[in-house]
Amino acid sequence: MLCFKLCLIGFSMLTAAAGSHQAFTSSAEMNISSCPITYYGQKYEKVYVGFEADRFAVCFKGLYQPGIQNDCILMSGGTADRGGLSVLSREIPTGSGVHKLLPNLKYAGKCVNVIPLTDSQQSQVEQVELGNFGAQSILAIKTYSGYTDVNVVADAQVNGLTVSKQTFQTSETNSGVITDVSGCRFSGLAYETNTTVNDPRICCTVTCDVSGAATAVSHCGPMEHCQGDGSCAMNAVCSVTGSTVIGFTSRPQSVPDRCGYSLLRSSSLPGLHVLGVFKERRRKDLSFLDRVVLQLDREGAQISLEQGSKVKVNDDFLTVHATPQMVHSVALTKSHAGVTAKLEASNYTVSVVFDGQTAIIHLTGSSEAPVQGLCGDSSSAVNEQKSSEYSDTDCEMQYDDDADSTSSCNTTAKRCNLLQEGSFTACNSYVDPEPFVQACTQTLCKYPAVDDLTCHFLKGYAEVCKYKSNVTVQDWRSHTSCAVPQATCQDMFCGSHEFCAVDSSSGEARCHCRALFASKYKPTNSFGEPIVCADKGATVTLANCLLEDKGIDYSVLHLNDQSCRGQLDNLTHMVTFSFSSQNTCGTVVQANNSQIIYKNAIMTQNISMFGLITRHDKVHMDFSCYYSQPDVKTLSIRFRQSSVIQHISSGEWKYNLTMEAYTSRDRTKPIDSDADIDLNQRLWVELKTYGLEEDRVAVVTDSCWATDRPSPAGGLRYNLIINGCPNPKDPTVAVEGNGLGTSTVFSFNTFQFTGSNGNVFLHCKVELCVRQGDNCIQRCAQTARGRRSARPKYETVNLAFISVAWTY
């Protein structure tokens with residue numbers, strides 16, 4: 001970088017600076033937003049000044065620290081140990097003496113940041129100036145008579161590396177020197193303004209224009225990497241996350257189905273074929289990479305990198321450790337990050353890393369090689385790379401699922417765009433983030449907000465950057481709230497109809513049902529296959545993943561005979577219940593005309609409270625064998641009716657009475673007819689009237705009770721409210737505002753009648769009270785035996801019944 005002795009006429013050094021003054025001692029952060037400086041293509045509105053030994057540092061990203069990546073100008077400071085900053089607004093037109101001394105300076109000057117430096121005696125030692133010339137900037141240094149150093153050194157650094165270092169004699173700086181600190185940045189390197197450089201460090205011809213914008217023409221191919229000495233070598237990275245393959249040339253391609261596809265094949269790697277097999281997870285219309293297969297044609301073998309960091313060689317699972325293990329010329333290793341397969345052949349090295357979510361394929365070699373497959377050939381269509389050998393029947397079938405209520409495209413886009421912010425920007429000049437942002441957004445816009453998918457896309461980008469440019473993205477997990485990955489699903493085996501993910505309720509990893517498999521059972525609310533009858537026996541097979549979706553532990557289920565429990569198949573994770581003539585398991589056998597009927601049930605042991613009711617989850621599934629079409633019945637907890645409106649005529653008053661049930665205390669979540677209600681779940685019920693004269697009439701809930709039949713007087717009865725007060729034997733019942741106005745709220749925990757068919761009907765008796773002061777308010781006293789009511793003195797004018805029912 002050129003430096004010139006400066007004739008100071010018309011520049012700031014002979015003129016007192018105007019504007020606010022910022023003083024500092026030792027070090028400080030200074031605001032220069034009124035006169036920002038563009039330093040090597042980067043605009044800054046703050047400077048960090050400080051004294052380091054006998055040096056004075058002006059930095060732009062933070063205070064100077066040796067070895068830290070920062071943009072700084074380091075200068076000899078003489079005896080100065082303090083200073084200040086003022087801003088001088090002054091127009092310096094093009095064609096001025098400054099522009100003649102610095103020919104690359106093309107823009108007019110706008111303002112100057114003046115930093116005078118003094119010693120402890122307040123004697124001025126040195127003055128540093130940073131001038132704003134639009135997209136360009138200049139640095140000026142002047143020393144005074146008190147400056148004792150022989151020379152002045154100016155060291156300009158970008159990202160902690162020196163880009164220009166100049167030494168001036170004091171006789172020069174006493175008159176003032178000036179230099180251009182404009183420039184461009186490309187791939188972390190700095191270039192002078194208005195220059196074209198053939199840079200062997202990055203194998204590019206870089207052009208830096210006057211505005212600080214850099215363009216480059218690479219001497220390497222799209223799949224090559226510069227060696228740093230002007231030579232190029234193969235260094236290509238392909239990533240697969242979800243259904244998106246981002247190839248060696250950064251072209252994204254989306255797999256539309258659940259088939260097998262060729263990822264990599266090359267004549268330079270004879271005998272090797274890398275394929276990816278895709279399957280759905282929680283949605284039928286979105287696929288994910290399920291396994292990566294290395295097909296070794298010469299060896300007549302295949303190595304499959306599977307879910308759970310498992311490795312299968314041909315048809316057998318192989319135990320893999322951190323120490324490399326050679327299998328058919330492939331080095332296999334395993335760590336918390338997944339499994340790695342590495343193969344060296346014909347001056348090329350291929351490594352495949354698969355963690356169950358993302359695959360990274362890294363290809364290096366002496367020169368660029370032609371590559372086919374989704375990772376390489378950018379001219380072919382996706383369906384041209386389909387592999388019939390690794391594609392199941394009907395894998396091409398397309399589905400269109402309903403939109404998921406938990407996913408938000410706006411939130412997703414903001415989250416995925418983190419790849420262009422913060423610590424990821426260190427990679428943006430090496431790896432284009434746009435394909436990763438696009439893949440992340442398209443996937444998460446459809447998929448439920450579970451399984452930590454965003455972090456997998458962010459991790460995939462960081463991994464590609466590390467392989468391609470040897471740049472590590474610092475602290476990206478803390479900046480994006482992505483936890484350090486744990487081997488939650490490692491070594492966990494799931495069946496072909498399952499995938500491993502963390503359960504949202506328990507927080508533990510488990511095998512979940514794939515969407516296509518579950519879609520066969522969920523519409524009928526069943527848990528598995530129909531009953532199979534044979535030889536005076538029966539077998540019922542349930543899917544454990546469907547049971548776990550409902551929070552059912554298969555190990556606590558049994559038949560009529562409690563010793564007959566379900567058997568879990570370790571490969572399929574199907575749970576089988578069976579009985580036979582040798583082991584009847586409590587089966588009831590009945591004769592019905594010419595048919596012999598075998599009856600049994602899958603159930604949990606009854607756990608009761610208060611004798612009459614139970615508030616614990618209960619499973620009871622009856623099944624029978626008729627030697628004909630089997631019939632499997634499953635039960636689910638649902639509210640039969642959430643709101644009942646009944647019109648009542650009572651003498652001179654006419655009003656409507658409603659009963660509404662809610663799942664929240666603030667009564668903002670009414671229960672609809674399709675809601676699932678669990679046993680022992682808290683419910684709030686509001687009895688409310690419309691059309692009463694509130695100043696004269698109040699509503700009192702006299703009693704509420706439950707029966708196992710629709711009739712208020714039929715079958716089993718369980719009291720919730722007695723004489724306006726909670727049943728003293730049930731601590732879960734609470735009553736609010738009884739007699740205060742035209743509505744009453746009471747709450748309780750749901751239950752069912754022990755041994756019944758699961759139907760529960762709720763009935764309430766409501767009375768109207770003519771208000772005279774607070775005579776209608778129902779007060780409940782506490783006694784040693786429980787709560788009792790202190791009945792108000794009011795005349796019963798109207799009686800009304802209203803009922804609501806739920807069924808299990």
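The legends below accompany an overall view and several close-up views of a predicted model of the protein.

Overall view. The protein has 808 residues, of which 50% are buried, and its secondary structure comprises 9 helices and 61 strands.

**Close-up A. Strand 15 and its pairing with strand 12.** Strand 15 covers residues 177-180, with Val177 and Thr179 pointing one way and Ile178 and Asp180 pointing the other way, and all of these residues are buried. In a regular strand the side chains alternate between the two faces of the sheet. Strand 12, made up of residues 136-143, pairs with strand 15 in the antiparallel sense over 4 bridges, and Ile178 in strand 15 is the bridge partner of Ala140.

**Close-up B. The buried residues of helix 5 and what covers them.** Helix 5 spans residues 434-444, and its buried residues are Pro435, Phe436, Val437, Ala439, Cys440, Thr443 and Leu444. The elements that cover these buried residues include strand 22 (232-241), strand 23 (244-246), strand 24 (252-254) and strand 27 (287-296), together with helix 3 (409-416) and helix 6 (453-469).

**Close-up C. The crossing of helix 3 and helix 5.** Two packed helices are described by the angle between their axes and the distance between the axes. For helix 3 and helix 5, the axes come within 9 Å and cross at roughly 155 degrees; because angles over 145 degrees count as roughly antiparallel, the two helices are roughly antiparallel to each other. The crossing of helix 3 and helix 5 is right-handed. On the helix 3 side, Thr412, Ala413 and Cys416 take part, and they meet Val437, Cys440, Thr441 and Leu444 in helix 5; Val437, Cys440 and Leu444 are also among the buried residues of helix 5.

Close-up D. Since buried means under 20% relative accessible area, Ser309 counts as buried at 8% relative accessibility.

Methods
Residues are numbered from 1 along each chain as its sequence is written. This is a predicted model: local features need pLDDT of at least 70, side-chain atom pairs count only at pLDDT 80 or more; totals for chains, interfaces and linings use all residues. Side-chain values use heavy atoms; hydrogens and water are left out. Buried means under 20% relative accessible area, exposed over 50%, partly exposed in between (1.4 Å probe, protein chains only). Two strands pair if DSSP finds at least two bridges between them. Contact means heavy atoms within 4.5 Å. Axes are lines fitted to C-alpha atoms, for helices over the stretch in contact, and angles run from 0 to 180 degrees between N-to-C directions. Angles under 35 degrees count as roughly parallel, over 145 as roughly antiparallel, 65 to 115 as roughly perpendicular and the rest as oblique. A crossing is left-handed if the near helix is turned anticlockwise from the far one by less than a right angle, and right-handed if clockwise.
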